[in-house]
Amino acid sequence: MLVTMTDYIHATREKVLNNINKAHDLVKDIVNLYTKKKYQQIIFVASGSSYTALQCARNYMCKTLKTDVKILNPYTFSHYDIDYVTDEHFVVIVSQSGASTNCVEALTKLKDRHLNSYVLTGIKECDCANYADVVLDWGCGIETMGYVTLGVVSLVVYCMLFAAIAANKLGYSDELEYVKEQITKAMKNHKEVCDKTEAFYATNEQTLYQLDRVYVLGSGSNYGTALEGALKMGETIKVLAVGYEQDEFLHGPALQLSPKYSAFIIDGGDETKEHALTVFKGLCKVTANAYMITSQDVDHPHILHVDDPCDEPFTCLYNLPFFELLADIISTKLDSKKDHPLYYEMNKIIDFRTPKWRESHKPED
């Protein structure tokens, strides 16, 4: 039985490999919906880890489907962007639990405007299904541990498979076998990163216990990794953690840096790799708590090295567990996962889950 974050992290590899073996069946419904007409733009609407996963997959979808892919938060979508949406936009609401009130609102707004309402979820028998014309399943399921990990990587893979198969159907490209090959290799690297992360933690235990104000920096698919890494650290270790694009943080956020800060740099191994290394070296001048994950041959105790990297944008698939595992290890050691009691007082006033979902879950779930 899977009961911890680490259990789900290690279960990710088998789930992903099973999903790519049934790729056509897994994504056929969304491919059929998308290819039945020519759309101006794709809009995914999501919160939390679903949002960060879509950011990981965005560049690949844009490039492969030869169209812009916009990722929006549900509240912004429902109260602002909905005014500009037409039936020329391919809109998908994404919620792993299928019980997010903001996703229900977004689906309702689409129906009110007589637009297609599609929901992509980890479980088809969910509350959002009652408000959707079509329910899509990305092949994950609900994680009983609230800090989702398997769902993040499996959603990235689902989006990549969707793009590859839809592009082939539209006559844009034929690279499904390449995509499957890269994802398979990424799962091999996923295990390598998990193993090395445990050793990395042991080497840097004292400095990692000092996490207090954290920047996580990445670009390309790993901009999504940076957002998710910051999210996981904030959720579990209960520190202020923010994800930035690896150059954008220089334009303002870097001004507050001091030796009290910690920073993680993610190198995707593409044309931005030299910049990533330069950022790491620069941060080392400010703080002793700068860390990096890279495939470059750099010897430093704060660097986790990946021996045989995938092509970008597939590197996010194995960079993600570096942050997931660190978050789980550190928060378990510090016993920091339990939320402040006043958080639940706030939840009584503004809850983000549907009443039906709350009936079967404790407030802290």
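Which strand and which helix each supply at least two residues of the lining of the second largest cavity? I opened the notebook with that. The model is a predicted one.

**Entry 1: the second largest cavity**

I looked up the lining by element. Strand S9 (290-294) and helix H11 (316-334) each supply at least two of its residues. I then read off the names. The lining consists of Asp267, Gly268, Gly269, Ile293, Thr294, Ser295, Val306, Pro309, Thr315, Tyr318 and Asn319. Sorted by class, I get 6 polar, 4 nonpolar and 1 charged residues. The space inside comes to about 50 Å³.

**Entry 2: the largest cavity**

I next checked how many cavities there are. The structure has 2 of 30 Å³ or more. The largest holds about 80 Å³ of space. I noted its lining: Tyr39, Val85, Thr86, Asp87, His89, Phe90, Val91, Leu110, Leu115, Asn116 and Tyr118. Strand S3 gives the most to this lining, with 3 residues. The classes here are 7 nonpolar, 3 polar and 1 charged.

**Entry 3: the sheet**

I traced an open sheet of 5 strands, paired in parallel, in the order S2-S1-S3-S4-S5. Which strands stand at the edges? I found S2 (69-72) and S5 (134-137) there. Each has a single partner strand, so one side of each lacks a neighbour in the sheet. Ignoring direction, neighbouring strands are turned by 25° against each other on average.

I then took one pairing in detail. Strand S3 (residues 89-95) and strand S4 (residues 118-121) run in the parallel sense and share 4 bridges. Isoleucine 93 has valine 119 in S4 as its bridge partner.

**Entry 4: helices on the sheet**

I looked for helices packed on this sheet. H3 is one of them, and it touches strand S1 (41-46), S2 and S3. The direction of H3 makes about 170° with that of S2. Helix H5 (residues 101-112) also packs on the sheet, where it touches S3 and S4. I read about 155° between the direction of H5 and that of S3.

**Entry 5: the second largest pocket**

H3 came up again when I turned to the pockets. Helix H3 (residues 48-65) gives the most to the lining of the second largest pocket, with 4 residues. About 240 Å³ of space lies in this pocket. It is lined by 13 residues, and those closest to its centre are Tyr60, Lys63, Thr64, Glu175 and Pro313. I sorted the lining by class and got 5 nonpolar, 4 polar and 4 charged.

**Entry 6: two single residues**

Is serine 262 buried or exposed? I located serine 262 in strand S8 (residues 261-266). Its relative accessibility is 0%, so serine 262 counts as buried. I listed its contacts, leaving out residues up to four places away in sequence. Serine 262 touches Leu211, Arg213, Val214, Tyr215 and Asn289.

I then looked at glutamate 274, which sits in helix H10 (residues 273-284). Its relative accessible area is 49%. Exposed would need over 50%, so glutamate 274 is partly exposed. Last, I checked a distance. Glutamate 274 and glutamate 125 are 149 residues apart in sequence. In space, C-alpha to C-alpha, glutamate 274 and glutamate 125 are 47 Å apart.

How values were computed
Residues numbered from 1 in each chain as written. Predicted model: local features only at pLDDT ≥ 70, side-chain atom pairs only at ≥ 80, totals over all residues. Heavy atoms only, no water. 1 Å grid on protein atoms, 1.4 Å probe; cavity = no way out; pocket = protein on both sides within 12 Å on 5 of 7 lines; lining within 4 Å. Points joined across faces, edges and corners; volume = space filled by probe spheres on them. Nonpolar A, V, L, I, M, F, W, Y, C, P; charged D, E, K, R; others polar. Pairing = 2+ DSSP bridges. Axes fitted to C-alpha atoms, helices over the stretch in contact; angles between N-to-C directions. Contact = heavy atoms within 4.5 Å. Buried < 20%, exposed > 50% of the residue type's maximum accessible area, 1.4 Å probe, protein only.
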